[in-house]
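Let's take a walk through this protein together, one piece at a time. Have the fold in view as you read.

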Amino acid sequence: MRVGLCATGRRGREGAWTSAAARLLLCALCLCAPSSSVGAQEEFGPVVRAYLGYLDAEQVVTDDRASRREVSATYVRRNSNRIRALRVTALRIARETKNDYLPELYAVARDELGTIFETPTRPESFAVGEILNNTFRYLGSQRSGEVFYLFSRLDIYEQAELLKKSEAKRAVAPPQTGAAPTIGEAATRPRRVPASETQGTPPPVPNLNQP
């Protein structure tokens, strides 16, 4: 009886390992393969194609987890919408710059801004191209099922350059020691004169008994 239980457990573990290996192989094939779009293969270089292939693989993994009911329908819908928003943004950047390069991209919903900012503010106050916290550049919003806010992370050289400029600006700025007196204004206030000095010493009272 014990042997039968051990054999059953071994077969179960082998099945789990086989399933995991198959999923890893599927992800590896998706990552290595170019984007499923023939136009993308002809239009873009290997870096952009690799990123589009990465997004394809993310969608495959999401669909696989959904088919095995490992994640909720809400998670599947949001993750699929996020992947679509990232794809649109990546294609736009690649076509505008005509370079085989993409920054590290982030697509976050309004309730996810706290995942990249310690104190998130209203996204409506962001300006396209604005650099936030010397770390992220705001790229705009993209509606994909819901509104996602797109950011690119600055590379280490850009962050170092911004930090250097901030330090130089602080060093040049004069210290705030209070308002300086205006021209023609005395640096010190005039001394307050006591009433006894302004009114003089009162005259002596005459002695009426003296002849």
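Which residue with a positive phi follows H3? That's Arg69, with phi near 55 degrees. Before going on, a word on what you're looking at: this is a predicted model, in which local features need pLDDT of at least 70 and side-chain atom pairs count only at pLDDT 80 or more, while totals for chains, interfaces and linings use all residues. Residues are numbered from 1 along each chain as its sequence is written, and side-chain values use heavy atoms, with hydrogens and water left out.

Now for the overall plan. Of the 211 residues, 26% are buried, where buried means under 20% relative accessible area, exposed over 50%, and partly exposed in between (1.4 Å probe, protein chains only).

Back to H3. Its 22 residues should span 32 Å at 1.5 Å a residue, and its end C-alpha atoms sit 31 Å apart, which agrees; the expected span is 1.5 Å times one less than the number of residues. Its buried residues include Val48, Tyr51, Leu52 and Leu55. Asp63 also belongs to H3, but at 41% relative accessibility it counts as partly exposed. Asp63 and Asn79 are 16 residues apart in sequence, and their C-alpha atoms are 9.9 Å apart in space.

Tyr51 leads us inside. The largest nonpolar core has 19 residues, and Tyr51, Leu86 and Leu105 have the most contacts within it. Such a core is a set of buried Ala, Val, Leu, Ile, Met, Phe, Trp, Tyr and Cys residues joined through side-chain atoms within 4.5 Å. Two or more residues each come from H3 (46-67), H4 (73-97), S1 (104-108) and S4 (146-153), with H4 giving the most, seven residues. Setting aside neighbours within four places in sequence, Tyr51 is in contact (heavy atoms within 4.5 Å) with Leu86, Ala90, Leu102 and Leu105. There is also a second, separate core of 11 residues, and Tyr106, Leu132, Tyr149 and Phe151 are among them.

What about the strands? They make an open sheet in the order S1-S4-S3-S2, with antiparallel pairing; two strands pair if DSSP finds at least two bridges between them. S1 and S2 (131-132) stand at the edges with a single partner each, so one side of each has no neighbour in the sheet. Even so, four of the five residues of S1 are buried. S1 pairs with S4 over five bridges, and Leu105 stands opposite Ser152. Over at S2, two bridges join it to S3 (136-144), and Leu132 has Phe136 as its bridge partner.

Last stop: the rings. There are nine aromatic pairs, meaning Phe, Tyr or Trp rings (the six-membered one for Trp) with centres within 6.5 Å; planes under 30 degrees apart count as stacked, over 60 as edge-to-face and the rest as tilted. Phe117 and Phe126 form a tilted pair, 6.2 Å centre to centre with 50 degrees between the planes. Tyr138 and Phe151 are tilted too, with centres 5.4 Å apart and planes at 50 degrees. Tyr138 lies in S3 and Phe151 in S4, so this pair ties together parts 13 residues apart in sequence. Ring pairs link Tyr106, Phe117, Phe126, Phe136, Tyr138 and Phe151 into a cluster.
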